[in-house]
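Biologist: I have a structure to read and I am new to this. Could you walk me through it, one feature at a time?

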Amino acid sequence: MRMIAPSILSADFSRLGEEIRALDKAGADLIHIDVMDGHFVPNLTIGPGVVKALRPHSKLLFDVHLMISEPERYIDAFAEAGADIITVHQESGAHLHRLIQMIKAHDIKAGVSLNPATPAVMIEDIISQVDLVLVMTVNPGFGGQAMIPEALKKIARIKEFAGDREQPLLIEVDGGIKNETIALAEAAGVDIFVAGSAVFKSSDYEGNIQALKKAGV
Ligand code: DX5
Ligand code: ZN
């Protein structure tokens with residue numbers, strides 16, 4: 001079964017608590033929270049204070065995607081604010097292993113993300129330490145962009161590097177996921193599908209999530 005993680009980047013920021021409660025009711029599997037710093041990516045969004053304020057509004061897992069430089073400065077704050085998964089970008093710093101350890105010290109899931117141009121081999125030596133790989137199928141920074149399907153090709157290599165493990169590695173995809181593209185991503189081996197504009201395109205979040213779950217099946 002496809003897991004859908006609506007990205008609140010496309011939600012109405014003037015009433016985020018309400019939006020998250022609506023996603024919960026609409027059958028979302030996780031809540032994807034896009035954190036941007038105006039430096040690693042050309043956009044600014046959400047800080048740990050907002051995550052903390054949202055935490056009481058849903059029991060769903062908070063999937064926090066850090067698109068920030070020097071993520072080591074904020075990992076503890078996001079974990080304390082209530083993140084269940086923290087994903088850092090491979091491209092965000094020199095000490096990925098240390099970042100993963102920092103996340104795991106909070107007893108939460110650790111993810112690593114790859115931009116479209118970053119090859120799978122960049123995470124070969126860290127893969128045994130991570131719970132999740134987030135494959136970007138757009139250049140991070142904005143919702144509503146078209147999928148870059150070539151980026152899906154690296155998933156096969158990532159799975160090869162992961163090999164057989166007790167806790168299977170989760171593969172998440174982010175960017176341009178909609179009814180027309182989700183089956184392609186699924187065929188590449190994705191477990192969790194982030195969707196911003198496809199979930200928030202109309203007020204029928206439940207219908208939009210169901211459509212994503214069923215599209216092309
Ligand atoms: C892009 C973000 C995504 C974005 C996805 O930088 O990481 O999570 O919100 O939006 P859509 O689904 O509209 O491509
Ligand atoms: Zn994201």
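Biologist: Let me start with two aspartates. Are Asp 34 and Asp 174 buried or exposed?

Modeller: Keep in mind that we are reading a predicted model. A residue counts as buried when its relative accessible area is under 20%. Here Asp 34 is buried, and Asp 174 is too.

Biologist: Which residues coordinate the zinc ion (ligand 2)?

Modeller: To read a metal site, list the donor atoms and then look at the angles among them. His 32 (NE2), Asp 34 (OD), His 65 (ND1) and Asp 174 (OD) coordinate the zinc ion (ligand 2), at 2.0 to 2.3 Å. There are six donor atoms, with angles of 67 to 169° among them, and the site is octahedral.

Biologist: How are the donor residues spaced in sequence?

Modeller: The spacing reads H-x1-D-x30-H-x108-D. Asp 34 lies in strand E2 and Asp 174 in strand E7 (residues 170–174), so this pair ties together parts that are 140 residues apart in sequence.

Biologist: You mentioned strands. What should I know about how they form a sheet?

Modeller: Strands of a sheet pair through backbone hydrogen bonds, and the pairing is either parallel or antiparallel. In this model, eight strands make an open sheet in the order E1-E8-E7-E6-E5-E4-E3-E2, and the pairing is parallel.

Biologist: Which are the edge strands?

Modeller: Strand E1 (3–6) and strand E2 (30–36), since each pairs on one side only. Neighbouring strands of the sheet are turned by 25° against each other on average, direction ignored.

Biologist: How many bridges join E7 to E8?

Modeller: Three, and the two strands run parallel.

Biologist: Which way do the residues of strand E8 point?

Modeller: For a strand, check each side chain in turn. In E8 (residues 192–195), Ile 192 and Val 194 point one way, Phe 193 and Ala 195 point the other way, and all are buried.

Biologist: What does Val 112 touch?

Modeller: Setting aside residues up to four places away in sequence, its contacts include Thr 87, Val 88, Gln 90, Leu 96 and Leu 132. Follow Gln 90 next: this residue is found in the loop between E4 and H4. Gln 90 is buried, with a relative accessible area of 14%. Beyond its neighbours within four places, Gln 90 is in contact with residues including Leu 96, Val 112 and Met 122.

Conventions. Residues are numbered from 1 along each chain as its sequence is written. Chains are lettered from A and ligands numbered from 1 in the order in which they are written. This is a predicted model: local features need pLDDT of at least 70, side-chain atom pairs count only at pLDDT 80 or more; totals for chains, interfaces and linings use all residues. Side-chain values use heavy atoms; hydrogens and water are left out. Two strands pair if DSSP finds at least two bridges between them. Helices (H or I, at least four residues) and strands (E, at least two) are DSSP runs, numbered from the N terminus. Axes are lines fitted to C-alpha atoms, for helices over the stretch in contact, and angles run from 0 to 180 degrees between N-to-C directions. Donors are N, O and S atoms within 2.8 Å of the metal (3.2 Å for Na, K and Ca); water is not among the atoms, so sites may look incomplete. Four donors count as tetrahedral if all angles lie between 85 and 135 degrees; four count as square planar and six as octahedral if opposite donors are over 155 degrees apart and all others between 65 and 115; anything else is irregular. Buried means under 20% relative accessible area, exposed over 50%, partly exposed in between (1.4 Å probe, protein chains only). Contact means heavy atoms within 4.5 Å.
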